[in-house]
Amino acid sequence: MTVLKKSFYLKDTLDVARELLGCVLCRRINDEILRGVIVETEAYTQDDPACHAYKGITERSKVMFEDGGISYVYFIYGMHYCFNTVTEKKNQGCAVLIRALEPLDKSLKTNGPSRLCKAFSITKELNGVDITTNKSDIWIEKGFKPDNITSAKRIGIKEGADYMRRFYIEGNKWVSKK
DNA sequence: GATAAGATGTTA
DNA sequence: AACATCTTATCA
């Protein structure tokens with residue numbers, strides 16, 4: 001399988017969010033590799049009030065201002081991690097939240113942004129790592145191109161709630177909500 | 001230094 | 001519908 005190159009991420013965030021559907025998230029744990037097909041994403045751009053980078057560079061959001069092609073992992077609600085891919089060029093402050101996977105190899109619970117992090121052991125340790133090489137402990141490979149992508153309102157936010165920036169594969173049973 | 005709220009998931 | 005439970009951002 002082909003690892004998605006840096007150039008894949010240096011594009012419009014909404015396009016990356018759509019194109020990530022059908023791609024395969026890979027996570028190395030010791031010598032084992034877990035895989036899951038991305039079936040649900042959300043796009044966050046710097047000009048979006050719901051985006052962590054909306055108010056500029058902070059200790060948490062700083063990795064979003066790096067060049068695309070790295071991970072952004074944050075901790076929320078005192079117990080949950082969420083995994084994002086940074087997009088666009090340096091200083092753009094954009095990212096795509098991975099909300100759900102369809103697990104391969106194993107029967108894992110990966111329908112939801114925090115459940116997939118738990119299932120794949122994604123923690124703060126993976127914040128800011130290069131995801132464009134399979135020498136890292138996490139990366140994304142090219143998958144198939146879904147022909148039935150739907151857009152909808154994002155979940156769990158207040159500001160910018162009306163933006164249609166959630167994308168998922170219509171009918172896939174691993175998508176987080178109905 | 002203190003405090004309020006949060007891109008959630010589980011349990012009741 | 002409540003709760004678990006802690007980081008980040010904001011304000012003093």
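Notes on the source. This is a predicted model, so I keep in mind that local features need pLDDT of at least 70 and side-chain atom pairs count only at pLDDT 80 or more, while totals for chains, interfaces and linings use all residues. Residues are numbered from 1 along each chain as its sequence is written, with chains lettered from A and ligands numbered from 1 in the order in which they are written.

Overall layout. I counted three helices and eight strands in chain A, in the order α-α-β-β-β-β-β-α-β-β-β from the N terminus. These are DSSP runs numbered from the N terminus, helices being H or I of at least four residues and strands E of at least two. The C-alpha trace spans about 40 × 35 × 35 Å along its principal axes. I also see that 44% of the 178 residues count as buried.

Back to Tyr77. I find this residue in the loop between strand 3 (71–76) and strand 4. Its phi is positive, about 60°, although Tyr77 is not a glycine. Tyr77 is also among the residues around DNA strand C, with Lys55, Thr58, Glu59, Arg60, Ser61, Phe75, Gly78 and Met79. Here "near" or "around" means a C-beta atom, placed from the backbone, within 6 Å of the molecule or strand. By class I get three nonpolar, three polar and three charged residues there. For the classes, Ala, Val, Leu, Ile, Met, Phe, Trp, Tyr, Cys and Pro are nonpolar, Asp, Glu, Lys and Arg are charged, and the others, Gly among them, are polar.

DNA strand B next. I find 22 residues around DNA strand B, the closest being His52, Leu97, Gly112, Ser114 and Gly156. Strand 4 (80–87), strand 5 and helix 3 (113–119) are the elements giving two or more residues to that surface. Eleven of its residues are nonpolar, eight polar and three charged.

Another positive phi. Glu88, in the loop between strand 4 and strand 5, has phi near 65°. I note that Glu88 counts as buried because it has 21 C-beta neighbours inside 10 Å.

Glu102. This one sits in strand 5 (residues 94–103) and is buried, with 20 other C-beta atoms within 10 Å. Leaving out residues up to four places away in sequence, I see Glu102 touch Gly36, Val37, Val39, Asn172 and Trp174; contact means C-beta atoms, placed from the backbone, within 7 Å. Val24 is 78 residues from Glu102 in sequence, yet 9.1 Å away in space, C-alpha to C-alpha.

I found Val24 opposite Val37 in strand 2, and its bridge partner in strand 6 is Glu141. Strand 1 (residues 24–29) pairs antiparallel with strand 2 (residues 32–44) over six bridges, and antiparallel with strand 6 (residues 138–141) over four bridges. Pairing needs at least two DSSP bridges between the strands. Strands 1 and 2 make a hairpin with two residues between them, and Asn30 in the turn has a positive phi of about 55°.

Key:
Buried ≥ 20, exposed ≤ 12 C-beta atoms within 10 Å, placed from the backbone. Contact = placed C-beta atoms within 7 Å.
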